[in-house]
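Thank you all for making time this morning.

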Amino acid sequence: MAGGLLRWLVFCLFNALICLSPVWTARSEAVTQGTAIVDGTAAISSTDEHFICATLDWWPPEKCDYGTCAWGLASLLNLNLSSRVLLNAIKAFSPLKLRLGGSLQDKVIYDTGDPQKPCRPFVKNSSEMFGFTEGCLPLSRWDQLNEFFTESGATVIFGLNALNGRVPVSDGSLGGPWNYTNAASLIRYTVNKGYTVSGWELGNELSGSGVGARINADQYAADLNNLRFIVDEAYHGSQFKPLVLAPGGFFDANWFREFLIKTKSSSLDVISHHIYNLGPGVDPNLVQKILNPSYLDGEASTFSNLRDILKSTGASTSAWVGEAGGAYNSGQHLVTDAFVFSFWYLDQLGMSSLYDTKTYCRQSLIGGNYGLLNTNTFKPNPDYYSALLWHRLIGPKALSATFNGTKMIRAYAHCARDSKGITLLLLNLDGNSTAQVNVTAHLKAVKLHRRSRTRFSHAHVAKEHKIAEGTREEYHLTALDGNLHSQTVLLNGNILDLDANDGIPVLQSVKVDGREPVYVAPYSIVFVHIPYFYAPACI
């Protein structure tokens, strides 16, 4: 223990900004030790090049949950597209995937003139599904949105209304073929205007038991095949081919399996599902769930089961999380929009990436109580910075990482993005103990490394040894004053805030001697870029 304390004092001498932050000084008496073991011999799965995604929704200001109206002017129909903060927040990702959709997407008519219908806004009506009447997307607004997406460099996925033409059937579902006339006219208009939509998704939460409505898997498959035909026809002769996605609903193993079997193999590019595993936003126990490792582990079965279904059906389809807000009905203020939610969010990113999930869309970019950005000011909430650090530091290849020690440390590893070595993500769910973490390679990688060294010259080995004695980069995230409910996050002891030009601040690492352990403060998150870590999978 004395040796550990000495190393800690040396670490603090060179990293005073971290050690002098309130969280570290107030709670660093207890220190637990553990080892993060990373197997860099081969990737166990991979994500898309750009894994991070966020959603924009249709909810009007009158959308309220539990007496709170948290959506403001965050709808696709009224969002302030001239906000410099919003523009800079999206541009910082270069690019950020945006999935446009949500519950009301299946009640949206597109004002293309086909068919001829009045273009009216959503109106609150408690007798209607989701509490609102049918709404309309004016083409002028679609033009404005696409101009903004082009300027911000966003990659856009658009959710189409899948309920047109449906009729009730005896089993309680909605039957009859999808009337795709209006959707097809919007797709053709989009192509003719030269707008880039990277994917068209059919429906929102209509799979399985559905939310508000449901459609049987065989009918959904037939409709999806029609969407593929429409897309192929609209983009005929174009070098660019958008993705076709579905169903954007909650995972139901039997429904998803039947849907995949009955969909033409070439029709579906992405099978998308939603995650709200924490329960309702009004739940007083959300924080306890977020900080409970056993509860977090529970969602792994969804990812693994979907992966297994894709393998067993022989589908070439990729899996996406198309919407994930954790707690449904708009989340909970000062929980799902505060520092504590980064533990759930980053754990979800790490866990899903282990099972070949290609993209993960957070509900929401803005709106509700779970936005990456503040609904009124557009200023980033803590999870925005968590997402941006993942995007910039963590590459597509996921590696096996295990932690020997306390169960309150969550560990994930990937090949580093655009750099040598690996990036390790460590989450400390314990509010009382600092974790002293030693990072080691799995024995398989060590043996492979030793064999490979015999093929190199002495000069090469010496150079390699020198790299191994280099420095690593660490990014420590903590809450202001150690308050889990804070909407202000510190990076290496410095508050993250917009600069004088409403730009996203520089995310500056601290350099640490590679021979020292990683110190993970109570209730903190650390991204560790280790350029000298030997990982054949990353070469």
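Let me begin with how the elements are named: helices (H or I, at least four residues) and strands (E, at least two) are DSSP runs, numbered from the N terminus. What you see is a predicted model, in which local features need pLDDT of at least 70 and side-chain atom pairs count only at pLDDT 80 or more, while totals for chains, interfaces and linings use all residues. Residues are numbered from 1 along each chain as its sequence is written, and side-chain values use heavy atoms, with hydrogens and water left out.

First, the overall figures. The secondary structure comes to 15 helices and 26 strands. Of the 539 residues, 57% count as buried, where buried means under 20% relative accessible area, exposed means over 50%, and partly exposed lies in between, with a 1.4 Å probe and protein chains only. The accessible surface is about 21300 Å², and 52% of that belongs to carbon and sulfur atoms; these areas come from the Shrake-Rupley method with a 1.4 Å probe, and for residues only the protein chains shown count as cover. If we take contact to mean heavy atoms within 4.5 Å, then among contacts between residues at least 6 apart in sequence, 76% join residues at least 24 apart.

Now to the barrel. Eight strands close up in the order β3-β4-β7-β10-β11-β12-β14-β16, with parallel pairing, and the twist from one strand to the next averages 25 degrees. Two strands are said to pair if DSSP finds at least two bridges between them. Helix α11, residues 300-313, packs on this sheet and touches β12, β14 and β16, its direction making about 160 degrees with that of β12; the axes behind such angles are lines fitted to C-alpha atoms, for helices over the stretch in contact, and the angles run from 0 to 180 degrees between N-to-C directions.

Let me turn to charged pairs. A salt bridge here is a side-chain nitrogen of Lys or Arg within 4 Å of a carboxyl oxygen of Asp or Glu, and by this rule the count comes to 23. In one of them, R84 and D502 meet at 3.1 Å, N to O; R84 lies in helix α4 and D502 in the loop between β23 and β24, so the pair ties together parts that are 418 residues apart in sequence. R84 is partly exposed at 47% relative accessible area, and D502 is partly exposed at 24%.

Are R166 and D223, by contrast, buried or exposed? Both are buried, R166 with a relative accessible area of 11% and D223 with 1%, and their closest N and O atoms are 2.6 Å apart in a salt bridge. E474 and R472 also form a salt bridge, at 2.6 Å from N to O, with E474 buried at 0% and R472 buried at 2%.

The peptide bond from D114 to P115 is cis, with omega near 5 degrees, and P115 lies in the loop between β5 and β6. A cis peptide bond also joins A246 and P247, with omega about 0 degrees, and P247 is found in strand β11. F130, in the loop between β5 and β6, has a positive phi near 65 degrees although it is a residue other than glycine. N492, in the loop between β22 and β23, is likewise not a glycine and has a positive phi of about 50 degrees; N492 is buried, with a relative accessible area of 3%.
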